[in-house]
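The entries below follow the order in which I looked things up.

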Amino acid sequence: MKKDIEIPEVKDVHIAAVKVFNEEFESYEWNVYLINNSNEPIEMVLIVSKGFDKKRETSLMRHKIEVLPSKNFAKIEYLQDEVLTLNNEFKVTYFVGNKMMEKTFLFKSNSIKESVAKKVPVIPERGILAK
């Protein structure tokens, strides 16, 4: 029965957009990171991302991270300026021990901007957490 199914709540795992300096192109750019702020490593991480609004949708991007140690982060992807005007969704699935976890994170359109950046867990630079 549905009432017997346990759906674990995702805690201490985040998606953040952080503006960083790209030395190769000598410019600042927004990158998206997966943050593991928990005390356990997360394994077999699968991430599916897309940008969308009522009229447009980007291609699906798929990413895999074998293991993300505790209190650590990993770069997922670069966000082009053109997609910042779209809703940007990141579906994250991973294992903690033998338990599968899943959460969908969303940056609403035009929500990724320097003026709202603040301290985020684990990453030294300021950023924006997806909801």
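**Strand pairing**

I first looked up glycine 51 and found that its bridge partner in E6 is asparagine 88. Strand E3 (residues 42-52) and strand E6 (residues 87-96) run antiparallel and are joined by eight bridges. I take strands (E, at least two residues) as DSSP runs numbered from the N terminus, and I count two strands as paired if DSSP finds at least two bridges between them.

I note that the model is predicted: local features need pLDDT of at least 70, side-chain atom pairs count only at pLDDT 80 or more, and totals for chains, interfaces and linings use all residues. Residues are numbered from 1 along each chain as its sequence is written, and side-chain values use heavy atoms, with hydrogens and water left out.

I next traced the open sheet, in which four strands follow the order E4-E3-E6-E7 with antiparallel pairing. Strand E4 (61-68) and strand E7 (99-107) are at the edges with a single partner strand each, so one side of each has no neighbour in the sheet.

**Strand E2**

I then turned to E1 (residues 13-22), which pairs with E2 in the antiparallel sense over ten bridges. Histidine 14 has isoleucine 35 in E2 as its bridge partner. Four residues lie between E1 and E2 in this hairpin, and glutamate 26 in the turn has a positive phi of about 50°.

I also found E2 paired with strand E5 (residues 72-79), antiparallel, over seven bridges. Here asparagine 31 stands opposite tyrosine 78 in E5.

How much of strand E2 (residues 27-36) is buried? I recorded eight of its ten residues as buried, meaning under 20% relative accessible area (1.4 Å probe, protein chains only).

Conventions
Buried means under 20% relative accessible area, exposed over 50%, partly exposed in between (1.4 Å probe, protein chains only).
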